[in-house]
Amino acid sequence: MPERKQSSVIDHFRLLAPLYQHLVPPPEAERLARLLRLPMPRPTPTGGALLDVGGGTGRVAAVLRDRIGGPVVVYDETEAMLRQVDRDRGLQPLAGAAERLPFPDGSFDRVLVVDAFHHFADHGAVVAELVRILRPGGRLLIEEPDLNHLLVKGVAVAEKIALMRSHFYYPHQIGALIAAHGLQPHIETDGRFTAWIMADKPR
């Protein structure tokens with residue numbers, strides 16, 4: 001990926017960082033908790049660690065934090081976004097590229113990517129890393145706009161015009177990337193604009 005294009009998307013999110021929490025709708029906490037197999041409705045936190053890749057300001061990790069007993073890491077390549085992470089909630093921000101996750105194999109029980117997969121530079125490399133750092137028996141969950149819908153296709157075109165580093169995939173294509181690493185993906189949609197692709201790592 002050209003360096004200019006990578007810098008463009010980082011600059012975009014650097015400018016958005018102070019307003020991001022106010023511009024983006026709150027995450028669907030209950031649905032994400034269910035898909036991640038977290039306690040409902042959080043009677044006690046579950047064990048294990050969670051990694052939120054492309055987590056930006058930590059808005060998603062924050063609504064899940066009370067349901068997770070282990071560490072919660074918010075990982076993003078834009079440091080301006082990470083400065084908005086609420087450390088007082090026990091969230092751990094860390095900067096870096098999703099294609100090179102700085103964690104040992106099998107570090108996390110749950111790995112989450114919400115509305116960020118299309119911004120990554122090398123999607124195959126990212127999926128390989130997500131699977132690598134997931135513990136056997138752990139769950140990977142990717143939430144993405146559903147490219148089967150015309151409105152999402154329009155968003156994809158608009159982001160290209162805006163020179164953002166965006167490459168949208170159909171849900172089944174993301175599932176195929178995951179399946180290539182030995183996991184069995186499952187896809188759920190809301191019938192509107194969002195798809196969730198999840199898979200458990202074999203024990």
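Let's start with Glu143, which is found in strand E5. Strands here are DSSP runs of E, at least two residues, and helices are runs of H or I, at least four, all numbered from the N terminus. One caution: this is a predicted model, where local features need pLDDT of at least 70, side-chain atom pairs count only at pLDDT 80 or more, and totals for chains, interfaces and linings use all residues. Residues are numbered from 1 along each chain as its sequence is written, and side-chain values use heavy atoms, with hydrogens and water left out.

Is Glu143 buried or exposed? Its relative accessible area is 15%, so Glu143 is buried. The cut-offs are under 20% for buried, over 50% for exposed, and partly exposed in between, with a 1.4 Å probe and protein chains only.

What does the Glu143 side chain do? It makes a polar contact with the side chain of Trp196, at 2.8 Å. A polar contact is a pair of N or O atoms within 3.5 Å; within protein, one must be able to donate a hydrogen and the other to accept it, and residues adjacent in sequence count only if both atoms are side-chain atoms. Beyond its neighbours within four places in sequence, Glu143 is in contact with residues including Leu32, Val113 and Thr194. Contact means heavy atoms within 4.5 Å.

Now the cores. A nonpolar core is a set of buried Ala, Val, Leu, Ile, Met, Phe, Trp, Tyr and Cys residues joined through side-chain atoms within 4.5 Å. The largest has 28 residues, and Leu51, Val53, Phe117, Leu130 and Ile178 have the most contacts inside it. Helix H6 gives the most to this core, four residues. Another core lies apart from it, with 21 residues, among them Trp196 and Leu141.

Ile178 deserves a look. Setting aside neighbours within four places in sequence, Ile178 is in contact with Val127, Leu140, Ile142, Leu183, Pro185, Ile197 and Ala199.

Next, H6 itself, residues 123–132. His123, Val126, Val127, Glu129, Leu130 and Val131 are buried there. Their cover includes strands E1, E4 and E5, plus helix H8. Asp122 caps the N-terminal end of H6, with a side-chain oxygen 3.3 Å from the backbone nitrogen of Gly124.

Last, the whole chain. The protein chain has eight helices and seven strands. Of its 203 residues, 52% count as buried. Among contacts between residues at least 6 apart in sequence, 65% join residues at least 24 apart.
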